[in-house]
Amino acid sequence: MQKYDYKALYQRSMDDPVHFWAVQAEKYIAWYQPFKTVLTGDFEHLNVEWFSGGKLNACYNALDRHLPTRSNQTAFLWEGDHPDQSLKLTYAELYNEVCRFANVLKKFRVKKGDRVCIYMPMVPEAIIAMLACARIGAVHSVVFGGFSPESLRNRILDAECKLVITANEGLRGNKIIPLKKNVDEALTECPSVESVIVIKRTQNSVPWDDKKNHWYHDEMQTVSADCPCEEMDANDPIFILYTSGSTGKPKGILHVTAGYLVYVTMTFNYVFDYQPQDIFWCTADVGWITGHSYVVYGPLCNGATSVIFEGVPNYPDFSRYWNIIDKYGVTIFYTSPTAIRALRREGDEYVTRTARKSLRILGTVGEPINPDVWQWYYDVVGDGRCQIVDTWWQTETGGIMITPLPFQTPLKAGSASWPFFGVKPEIIDTHLVITKPWPGMMKTIYGDEKRFADYFKKYPGTYFTGDNATCDDEGYYWITGRNDDVLKISGHRIGTGELENAFLENHHVAEAAVVGVPHDIKGETIYAFVTLQGNVKPSDELKKELIQTVRHAIGAIATPDYIQWAESLPKTRSGKIMRRVLRKIANNDLKDLGDISTLADPSVVEKLIKDREGIADAHI
Ligand code: PRX
């Protein structure tokens with residue numbers, strides 16, 4: 001257990017942030033050249049910069065600097081989709097693979113600043129590819145392997161990626177994911193991509209273009225394992241990661257090297273009370289920010305040993321997570337409320353038949369965890385003896401922002417509790433905002449300064465999180481959910497605008513409006529109001545077709561659960577859809593619809609309410 005006084009240290013981080021962060025930056029990170037200033041700029045001018053003048057390399061911090069003391073220590077324990085498949089990589093082995101792959105990237109003319117798309121299953125090569133990019137100063141853009149070809153294409157185009165790294169196929173829960181096929185489909189309209197490097201994950205063959213496609217294992221034979229690190233400026237980009245906002249197009253959140261690295265390294269150390277003998281396991285995929293910060297950069301920069309898992313919690317059965325914990329002696333386990341809810345539903349026996357004696361800290365992230373579920377996690381998974389850290393943060397924040405600290409923060413079930421050092425939250429009209437810069441914050445939205453500026457507009461001088469929260473008289477924050485048009489479906493962040501555009505890809509659809517409704521396992525799910533083209537008849541067949549349309553456009557994570565046919569949608573006289581009313585109808589919350597006097601045609605609402613009956617039964 002680490003010894004410190006949270007309140008005193010927090011106060012120091014508030015009183016003198018410059019000194020506080022200078023100390024952390026020197027403690028957690030190795031620099032080629034020291035930074036000249038700790039923090040310049042402010043939210044008003046959108047010009048915050050951390051550690052300017054400093055030079056460093058993220059891959060050096062993750063790997064090279066550990067070699068003198070940890071070359072034989074395990075960096076990753078990889079557990080394949082099937083329990084018979086596993087692999088161990090030491091720091092020296094990982095270093096060697098990363099250097100080689102960095103040379104492969106160079107051979108393909110990838111240079112500092114170029115964007116590289118990684119569309120991979122959870123295999124060590126995904127991490128090797130990320131670190132190889134960081135080593136040579138290329139900017140990785142990891143796209144979750146569950147996204148559709150169309151989503152992948154949009155992200156490749158937006159970032160103008162030069163190269164794509166994928167696998168022939170992925171494996172999840174014994175199902176095959178056709179990654180290379182998806183890449184081929186995405187690339188039909190991506191002129192910037194010159195080459196695709198393919199990892200052979202399964203034995204199945206895939207269509208091949210000799211000019212453009214290259215096998216990873218072949219290329220790795222052609223290069224040396226000697227590759228110096230590129231010295232990066234503190235504010236050079238480290239990666240782009242796309243996430244959803246309230247409008248249709250995903251945003252490329254851009255993080256920069258120094259601030260991000262200092263922040264994730266320090267938060268990993270404190271939030272998980274990391275000790276050298278720990279075995280850490282974060283179940284997130286590297287396609288999400290949690291995977292970037294707490295599968296890759298945070299653990300490696302602390303020289304930790306982590307488990308990485310390719311599969312799903314219910315294959316071969318619902319004990320899989322707990323078996324993996326026993327197999328590797330996991331001491332710190334970090335997962336999502338969705339996974340906990342799904343596993344809890346199956347009954348305690350799948351848990352209690354396993355030992356879980358090694359566990360000491362349990363974490364959650366991605367959505368609110370309700371107190372019942374929290375208690376089950378505490379009592380059944382943690383046998384009542386583990387600390388729970390309910391960590392609130394976002395793709396934009398880079399690292400954990402509000403969280404209990406193990407053995408420091410008295411726990412309250414369902415509360416993310418207190419801010420991390422240096423983080424100053426505030427609640428304005430139920431909206432959670434952050435009032436001071438912190439090192440992990442995004443630098444901008446790639447290619448879209450305007451959307452970056454939007455975060456700082458609503459309450460000038462503060463960062464607008466898009467979440468609602470309350471704060472109790474002991475300073476505990478309780479996050480209640482989003483206040484914008486962003487849904488959290490099984491912890492995945494999906495904008496209603498994206499979903500509506502997806503519906504419109506079906507030529508039978510004239511108009512669609514999507515809202516979120518609560519769901520026992522997913523937390524929240526999609527409820528769509530769909531207006532069909534004049535000559536099209538509604539049918540259950542067509543509902544099924546629309547579900548496929550949306551899955552095809554975005555991916556399986558965006559499967560609608562409810563579709564209600566709407567002859568028309570409630571609109572204001574200026575033509576704006578009144579989502580607030582639709583949300584109430586979808587949620588059967590009809591007592592007070594609020595002010596609907598500005599509606600062009602109020603009878604639309606009555607009709608929708610009437611048709612709403614029976615929709616729950618039509619639950620697909
Ligand atoms: O609504 C909040 C929710 O997830 C959003 C951020 O989503 P994303 O960028 O995908 O990052 C998720 C992983 C960091 C937030 O705006 N959220 C995240 N953590 C929590 C949470 N809601 C409640 N409690 C949490 N612990």
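## From a surface loop to the ligand site

Asn588 is partly exposed, with a relative accessible area of 47%. This residue belongs to a predicted model. Asn588 sits in the loop that joins helix H19 (579–586) to helix H20 (603–612). Its backbone deserves a look. Phi of Asn588 is near 55°, a positive value in a residue other than glycine.

Arg109 is another non-glycine residue with positive phi, here near 65°. It occupies the loop between helix H5 (91–107) and strand S6 (115–119). Is Arg109 buried or exposed? Arg109 is exposed, because its relative accessible area is 54% and the cut-off for exposed is over 50%.

The largest nonpolar core holds 171 residues. Which of its members touch the most others? They are Phe51, Phe101, Leu131, Ile165, Tyr297 and Phe421. Leaving aside residues up to four places away in sequence, Phe51 touches Trp21, Ala25, Trp31, Phe35, Thr37, Val38, Ala234, Ala258, Gly259, Val262 and Pro439. Another core, of 27 residues, lies apart from the largest one. Its members include Ile324, Leu343, Leu359 and Val380. In soluble globular proteins, nonpolar side chains tend to be buried together.

An α-helix has 3.6 residues a turn, so residues three or four places apart point the same way. After H12 comes Gly329, with a positive phi near 65°. The peptide bond from Tyr315 to Pro316 is cis, with omega near -5°.

Where is Arg356 placed? It is in the loop between helix H14 (349–352) and strand S19 (361–365). Arg356 counts as buried because its relative accessible area is 2%, and buried means under 20%. Its contacts, not counting residues up to four places away in sequence, are Trp322, Ile325, Asp326, Val351, Val380, Val381, Asp383 and Arg385. With Val381 there is a polar approach. A polar atom of the Arg356 side chain lies 2.9 Å from the backbone oxygen of Val381.

Beyond residues up to four places away in sequence, Val139 touches Gly113, Asp114, Arg115, Val116, Pro237, Ile238, Phe239 and Ile240. Ile156 is 17 residues from Val139 in sequence, and their C-alpha atoms are 12 Å apart.

Several polar distances can be given. A backbone N or O atom of Gly366 is 3.1 Å from a ligand nitrogen atom. Thr395 places a polar side-chain atom 2.5 Å from an oxygen atom of the ligand. For Asp467, a polar side-chain atom also lies 2.5 Å from a ligand oxygen atom. Taken alone, the ligand exposes 540 Å², and the protein buries 95% of that.

Conventions
Residues numbered from 1 in each chain as written. Predicted model: local features only at pLDDT ≥ 70, side-chain atom pairs only at ≥ 80, totals over all residues. Heavy atoms only, no water. Core = buried A, V, L, I, M, F, W, Y, C linked by side-chain atoms within 4.5 Å. Buried < 20%, exposed > 50% of the residue type's maximum accessible area, 1.4 Å probe, protein only. Contact = heavy atoms within 4.5 Å. Polar contact = N/O pair within 3.5 Å; in protein donor to acceptor, adjacent residues only side chain to side chain. Areas by Shrake-Rupley, 256 points an atom, 1.4 Å probe, with all protein chains shown as cover. Helix = DSSP H or I, 4+ residues; strand = E, 2+ residues; numbered from the N terminus.
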